[in-house]
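Please look over the chain below before reading on.

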Amino acid sequence: MEEGEYEISRRSVLVSSAVTATLAAAGVSEAQPLPKALAPADHKVSFVVNGKGQAFSLDPRITLLDALREHLHLTGTKKGCDHGQCGACTVIVNGERINSCLSLALQHEGDEVTTIEGLGTPEKLHPMQAAFVKHDGYQCGYCTPGQICSAVAVLDEIKRGVPSHVQAELTRAPTPTNAELRERMSGNICRCGAYSNIAEAMADVAEARV
Ligand code: FES
Ligand code: FES
């Protein structure tokens, strides 16, 4: 994204925040749509989702999560807390996992986004999806797309030597121990408590890669 475009996006967000605060002070609920004259103008943004180029014209306040779910109807990515606390919305952007609820869609010009739908298909599961099935790494399944996207990115992080808080020696390459996997997955909450099975699934995939 050009610097100028980013500035426009940021300004639009600030203006819309000020408008929202003003309306709140006037007793107008945030849930009500803004009057058309006050709504910020849409902005164009293009990025790749699961290998396919997508062009959008979006309200600058739209998060990546909402762009994926509401505009592309990729509802595999889940909205849990919508505040960066649960990890249900995790997707992979340019090889790094992020919470898509904390990221504005307009920030992703030219990026490569992978969602759970882009990892595998029901006929040809990604190895991590197959391992989750094998190890019962889910119960209700609500957190599972985020867990799987995170798990795939975690094994790549370990392979790239990205350090973690539980790594004994920072000068040595990390290995996918149970403690490493649990620490790196600590941002993905599972209300059903499938943590042990998730760690087993990840260890299986990590072992198969060696
Ligand atoms: S929905 Fe994004 S972290 Fe919970
Ligand atoms: S499987 Fe139900 S919240 Fe994780």
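What follows is a short report on this chain.

This is a predicted model: local features need pLDDT of at least 70, side-chain atom pairs count only at pLDDT 80 or more, and totals for chains, interfaces and linings use all residues. Residues are numbered from 1 along each chain as its sequence is written, chains are lettered from A and ligands numbered from 1 in the order in which they are written, and side-chain values use heavy atoms, with hydrogens and water left out.

**Fold.** The chain has seven helices and five strands. These are DSSP runs: H or I of at least four residues for helices, E of at least two for strands, numbered from the N terminus. Their order from the N terminus is α-β-β-α-β-β-β-α-α-α-α-α. Of the 210 residues, 40% count as buried. Buried means under 20% relative accessible area, exposed means over 50%, and partly exposed lies in between (1.4 Å probe, protein chains only). Among contacts (heavy atoms within 4.5 Å) with a separation of 6 or more, 53% join residues 24 or more positions apart.

| Residue | Relative accessible area | Class |
|---|---|---|
| Val49 | 3% | buried |
| Cys86 | 16% | buried |
| His135 | 18% | buried |
| Cys81 | 23% | partly exposed |

**Val49.** Val49 sits in strand S1 (residues 43-49). Leaving out residues up to four places away in sequence, Val49 touches Gln54, Leu68, Leu72, Leu74, Val113 and Thr115. Glu112 is 63 residues from Val49 in sequence, yet their C-alpha atoms are 6.1 Å apart.

**His135.** His135 lies in the loop between helix H4 (127-134) and helix H5 (144-160). Its side chain makes a polar contact with the side chain of Asp204 at 2.8 Å. A polar contact is a pair of N or O atoms within 3.5 Å; within protein, one must be able to donate a hydrogen and the other to accept it, and residues adjacent in sequence count only if both atoms are side-chain atoms. Beyond four places in sequence, His135 touches Asn197, Glu200, Ala201 and Asp204.

**Cysteines.** How many disulfides does a search of the whole structure find? It finds zero. A disulfide is a pair of cysteine sulfur atoms within 2.5 Å.

**Lining classes.** The lining of the second largest pocket has four nonpolar, one polar and four charged residues. Ala, Val, Leu, Ile, Met, Phe, Trp, Tyr, Cys and Pro count as nonpolar, Asp, Glu, Lys and Arg as charged, and the others, Gly among them, as polar.
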